[in-house]
Amino acid sequence: ILLWAKSQSGKIKFEKQLFNFIEITNEIVFSLENFAKEKEIKILSFATENIIISADLNIYKTILRNLISNAIKFSNKNGQINIFAEKNLSNIIITVSDNGIGMDKNAISKIWEINENYSTLGTNNEKGTGFGLKLCKELIEKQGGKIWVESEIDKGSDFKFTLPLCID
């Protein structure tokens, strides 16, 4: 919540760095390993090629940690989460995909709205604040990217976000 408040007041300074997608993703996955093990969830990360990201490293870690934590929270026991990156002509697209409970269109419309305090319990009754995805959206947009979700009830969710392509 403190990070969100700083973001709202414009007090976050973004310092771009170059970093490797797989290395940082694996670091975040390792930090969440115990949370995933409680539900026997397997987390895999991969990329279509060696992807170097140009973004604020700490902000990127915050975004990815939140999206993976949510995927764990809304996955059933023995689920699987895939995290992958790919490039198009102008962006890097990062996807956090789970095979959990999914969301309907009504829920999807509420998760991004700043005026909505929308939060649901996870599959093991885990609680949330309802601010995590709103924070992710704001932090991604401030770095020139966008975020969206593709989801279906009982089939899972794919949270996708873009960051501008690092030009050599």
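**Buried residues and ring pairs in a predicted model**

Author: In this predicted model, glutamine 143 is placed in the loop between helix H6 (132-141) and strand S6 (147-152).

Reader: Why is glutamine 143 called buried?

Author: Its relative accessibility is 9%, and buried means under 20%; therefore glutamine 143 counts as buried. Its contacts include Phe14, Ala55, Asp56 and Leu163.

Reader: What makes the approach of glutamine 143 to aspartate 56 a polar contact?

Author: A polar atom of the glutamine 143 side chain lies 2.9 Å from the backbone nitrogen of aspartate 56, and the cut-off is within 3.5 Å.

Reader: How do you know that H6 is largely enclosed by the rest of the structure?

Author: Of the 10 residues of H6, 8 are buried, so the helix is described in this way. Among them are Leu133, Cys136 and Ile140.

Reader: How many aromatic pairs does a search of the whole structure find?

Author: The search finds 4.

Reader: Why is the pair of tyrosine 60 and phenylalanine 161 called tilted?

Author: The ring centres are 6.3 Å apart and the planes stand at 55 degrees.

Reader: What makes the pair of tryptophan 112 and phenylalanine 159 edge-to-face?

Author: Its planes are 70 degrees apart, and over 60 counts as edge-to-face. The centres of the two rings are 6.2 Å apart.

How values were computed
Residues are numbered from 1 along each chain as its sequence is written. This is a predicted model: local features need pLDDT of at least 70, side-chain atom pairs count only at pLDDT 80 or more; totals for chains, interfaces and linings use all residues. Side-chain values use heavy atoms; hydrogens and water are left out. Helices (H or I, at least four residues) and strands (E, at least two) are DSSP runs, numbered from the N terminus. Buried means under 20% relative accessible area, exposed over 50%, partly exposed in between (1.4 Å probe, protein chains only). A polar contact is a pair of N or O atoms within 3.5 Å; within protein, one must be able to donate a hydrogen and the other to accept it, and residues adjacent in sequence count only if both atoms are side-chain atoms. Contact means heavy atoms within 4.5 Å. Rings of Phe, Tyr and Trp (its six-membered ring) pair if their centres lie within 6.5 Å; planes under 30 degrees apart count as stacked, over 60 as edge-to-face and the rest as tilted. Lists of a residue's contacts leave out its neighbours within four places in sequence.
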